[in-house]
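Please examine the sequence and the structure shown below. The briefing that follows is arranged by topic.

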Amino acid sequence: MTHKPPVYPARDPAALEAAAKRLAEADWTRLEGAPETERALEAFHGGGHAWFIASGTASLEALLLGHGIGPGDEVISTPYTWGATISAILAVGAVPVFADIDPLSGQLDPATVEACVSPRTRAIMTVHLFGLVSDVRALQAIAQRRGLRLFEDGSQAHGARLDGKRVGLFGDGGAFSCMGMKLLAGTEGGYALFADSAACENAKLYGQHPRGLAPDQVERLSADGLLDTLQLGWRPCCVSAELVRVKLASLDAENDARRRNVAALRAALRGVEGIRLPEEIDGAEGCWHLLSVVLDPDKGPAREEFQRKLRETGAGGFVYIPTPVHRMKRLNPHGYDGPRVFWHEQILRAGIDYRETRCPQAEWRSRHSVEFPFNWTEDNREAMRQLADCLAWAAGR
Ligand SMILES: Cc1ncc(COP(=O)(O)O)c(C=O)c1O
């Protein structure tokens, strides 16, 4: 019994040709950034103001800084994410406050968010983890009721939709990584998508060369004494931006195929005890960047044994989040004995001690799931049957 995951990203001749043209013309860095890619991203998202920059992490920072979030502010987020979601909050001088997750889907659980609101809370940062759509409807309602910003980290969910609308603009904006293993793969890069043009302009003060600013903006900024070179080094690689622009044309078809493959896998796993796949919320069309399998502690296998057997089949599998962020040693200054970490001062000032943070579902999931890259961008029922066989065999006790 074997299963061989596909190589990703697939070599897309159109993207390679576009990138080669840029390289051949020595057109790989432009002071004005990547306006063609930005306009294409806005068309893809059906609106907003896109800014393509150096990475997903920088895009998260741009989103926060563009909305004036910084020292003294709290941002409610999930501890069950890639750490960059949280390090971006820390990098702008704010502090994260952690709500819990839904244990099956791994997404931020809106029912746990409101209890985290304090007078210092400015925003909610949700993550569409694994390419699934987090419950932005409920989060939007909370944000509106409590006067908070809502941001989406869509780094794993380019093109995912809820009620037909793509993630990124359900609240005040989104940030997306375009590093080479993502659904919308460049070489490195990312983009911030702002609902509001003023927030986008504000963010650009931190990293846009004046050549990329509109002439009236340059005039206004220089009149106000705000046109300077105090920049954060977010300039994008234009070859990467070109790969992203070209890739947009095939992204929906690839995401549709990923969804159909997951449906085939789900059907093939029906009746298999001990493992479960995340469910999508109503109206969601997620894009399954990673396949996360949750092991049932009563009926399922021990995780190490499950992984050992899967390695034998070639299907692989790894634990994507072994430690939720609120339990990471470097986060919390209390009881810390390692090298200096800059965010400890802001956390101490905020009076937060993450040892007291309770996110039992995030901790539970970090002990009971196994993740797989899911780069099946063309329909392949046979491969899904093989993967289901491997999972079922590894889950057998
Ligand atoms: C959820 C999430 N947020 C943020 C990032 C950071 O993006 P980047 O590595 O491009 O800085 C990533 C990916 O690496 C991610 O998966």
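A crossing of two helices is called left-handed if the near helix is turned anticlockwise from the far one by less than a right angle, and right-handed if clockwise. By this rule, helix H9 passes helix H12 in a right-handed crossing. The model is a predicted one. Its protein chain is divided into domain 1, residues 13-249, and domain 2, which is made of 251-323 and 360-395.

**The two domains**

- The C-alpha centres of domain 1 and domain 2 are 28 Å apart.
- Domain 1 gives 27 residues to the contact between the domains, and domain 2 gives 24 residues.
- On the side of domain 1 that touches domain 2, strand S6 (161-162) and helix H8 (238-268) each supply at least two residues.
- That side of domain 1 consists of 14 nonpolar, six polar and seven charged residues.

**The packing of H9 and H12**

- Two packed helices are described by the angle between their axes and the distance between the axes.
- For helix H9 (residues 303-313) and helix H12 (residues 381-395), the axes come within 8 Å and cross at roughly 140°.
- From H9, the residues that make the contact are Phe306, Lys309, Leu310 and Thr313, while H12 contributes Cys390, Trp393, Ala394 and Ala395.
- By class, the residues of this contact of H9 with H12 are six nonpolar, one polar and one charged.

**The sheet S10-S12-S13**

- Strands of a sheet pair through backbone hydrogen bonds, either parallel or antiparallel.
- Three strands form an open sheet in the order S10-S12-S13, and their pairing is antiparallel.
- Strand S10 (275-276) and strand S13 (369-373) are at the edges and have a single partner strand each, so one side of each is left without a neighbour in the sheet.
- Strand S12 (residues 290-295) is joined to S13 by five bridges, and these two strands run antiparallel.
- Within this pairing, Val293 has Val370 of S13 as its bridge partner.

- Two bridges connect S6 and S11, which pair in the antiparallel sense.
- Arg161 stands opposite Glu285 of S11.

**The surroundings of the ligand**

- There are 14 residues around the ligand, and those that come nearest are Ser55, Gly56, Thr57, Ser155 and Ser177.
- Helix H3 (56-66) and helix H4 (84-91) are the elements that give two or more residues to this shell.
- The shell around the ligand comprises four nonpolar residues, nine polar residues and one charged residue.

**Particular points of the backbone**

- Which residues are joined by a cis peptide bond? Tyr8 and Pro9 are joined in this way, with omega at about -5°.
- Pro9 belongs to the segment before helix H1 (13-24).
- Ala26 has a phi near 55°, which is a positive value in a residue other than glycine.
- The position of Ala26 is in the loop between H1 and helix H2 (35-45).

Methods. Residues numbered from 1 in each chain as written. Predicted model: local features only at pLDDT ≥ 70, side-chain atom pairs only at ≥ 80, totals over all residues. Near = placed C-beta within 6 Å. Helix = DSSP H or I, 4+ residues; strand = E, 2+ residues; numbered from the N terminus. Nonpolar A, V, L, I, M, F, W, Y, C, P; charged D, E, K, R; others polar. Pairing = 2+ DSSP bridges. Domains from an automatic or database assignment. Contact = placed C-beta atoms within 7 Å. Axes fitted to C-alpha atoms, helices over the stretch in contact; angles between N-to-C directions.
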